[in-house]
Amino acid sequence: MTSEDVLKYLEENRESYVSGSKLAQELGVSRSAVWKVVSALKAQGFPIDCVRNRGYRLTGDMLSEAGIRKYMFVGAYKFRIYDIVTSTNDVARELAALGEPEGTVVIARVQSAGRGRMGRSFYSPEGCGVYFSIIVRPKRMERLLTVMAAVAVADGIEDAGGLDTSIKWVNDVYVGEKKCCGILTEAITDMETGGIDYAVIGIGINVRTPEGGFGKLKNIAAAALDGVQDALNKTVAKVLDRFYELYTLSERDEIVSEYKARSFLIGREVNVVKGDYEAPATVVDIDDDCRLVVRYSETLETESLSAGEVKIKL
Ligand code: BTN
């Protein structure tokens, strides 16, 4: 019997207390073995309520494999869950370099050095968000990986009972005018074939508002699933299910049109970041390659951007 077995049983019976003897009988071990595992889980931070003469019950929201799988349809993923890492992207990259297969998901309850795009850091406090990285080994150079991830996050959040979401090109997910998710995709190319050896898609979602609020990020960050029960496990499950669907089944055109339908920048006034300088422009379209088509206000020239960053003018 492992602690995962105990968690799985408690997950499946969240609505009632399970006695120590029932658990022991179901898992084929002694009551004291169950007690030891439950104590270790509690010490690790799992919210397990223990009541004399009634037994054990899982109450709060804490990420676990059993907790995630409970809400998932897809069985193809392999999980590696950590209490704390520097960055799940770093761990996933190390594992992938050592041959870890496609479909492994590295999840952390906390990141001590979460990374964002453009060398920024990503705020990753405990219990308020989900931070995970998916290892993929696509056959060809896939610009669409990030696009798929953005659609999967937007759909997954809503499926888990969260707020309505939209996508800000290229890969931020928003609730209203504030960001609730960032995605950092890192690909390692195979020098011999010129294709991708592996890629790591790192996803960080603000699930609920931290106790003291978002602090200095309060004007730009928001949580997507405040008030949703068991939201951490549910969110990871729904995003991964949807990502699998897009990665394995969908037609390319379908992915692009879903992305476009969710994008809220078309028609908006923005500033295109060009190093130290910002150029005012209007977003005209998102093309079939998911490039952002902008018309510069000063020159009236049009450009299709395949990467980079734009700032929304409020
Ligand atoms: C951004 O908004 O600039 C991208 C943020 C990406 C954050 C996620 S959290 C999981 C994974 N690990 C990291 O260090 N970064 C990504």
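A: Helices and strands are here DSSP runs numbered from the N terminus, a helix having at least four residues and a strand at least two. The model is predicted. With these terms in place, the account begins with the largest pocket.

The space in the largest pocket amounts to about 1,000 Å³. Its lining consists of 37 residues, and those nearest the centre are Arg120, Asp172, Tyr174, Lys179 and Ile220. Several elements each supply at least two residues of this lining: helix 5 (88-97), strand 7 (172-175), strand 8 (178-189), strand 9 (196-206) and strand 14 (310-312). Strand 8 gives the most to the lining of the largest pocket, namely six residues.

Domain 2 and domain 3 each provide at least three residues to the lining of the largest pocket.

The structure holds four aromatic pairs. Among them is the pair of Tyr174 and Phe264, which is tilted, with 5.2 Å from centre to centre and 50 degrees between the planes. This pair links distant parts of the chain, 90 residues apart: Tyr174 belongs to strand 7, and Phe264 to the loop between helix 8 (252-262) and strand 10 (269-274). Tyr174 counts as buried because its relative accessibility is 10%, and buried means under 20%. Phe264, with a relative accessible area of 16%, is buried as well.

Another of the aromatic pairs is formed by Phe122 and Tyr131, and its geometry is edge-to-face, with 6.5 Å from centre to centre and 75 degrees between the planes. Both Phe122 and Tyr131 are buried.

The second largest pocket holds about 380 Å³ of space. It is lined by 20 residues, and Arg143, Thr146, Val170, Asn171 and Thr185 lie nearest its centre. Helix 6 (144-159), strand 8 and strand 9 each supply at least two residues of this lining. Strand 8 again gives the most, here with five residues. The lining of the second largest pocket divides into 11 nonpolar, five polar and four charged residues. Where does the second largest pocket lie in relation to the domains? Domain 2 and domain 3 both give residues to its lining, so the second largest pocket lies between them.

Helix 6, one of the elements that supply the lining of the second largest pocket, also contains Ala149. With a relative accessibility of 0%, Ala149 counts as buried. From Ala149 to Met191 the distance is 26 Å, C-alpha to C-alpha, and the two residues are 42 residues apart in sequence.

Taken together, strand 8 is the element that gives the most to the lining of the largest pocket and to that of the second largest pocket. Strand 9 likewise supplies at least two residues to the lining of the largest pocket and at least two to the lining of the second largest pocket.

Terms used
Residues numbered from 1 in each chain as written. Predicted model: local features only at pLDDT ≥ 70, side-chain atom pairs only at ≥ 80, totals over all residues. Heavy atoms only, no water. 1 Å grid on protein atoms, 1.4 Å probe; cavity = no way out; pocket = protein on both sides within 12 Å on 5 of 7 lines; lining within 4 Å. Points joined across faces, edges and corners; volume = space filled by probe spheres on them. Domains from an automatic or database assignment. Nonpolar A, V, L, I, M, F, W, Y, C, P; charged D, E, K, R; others polar. Phe/Tyr/Trp six-rings, centres within 6.5 Å; stacked < 30°, edge-to-face > 60°. Buried < 20%, exposed > 50% of the residue type's maximum accessible area, 1.4 Å probe, protein only.
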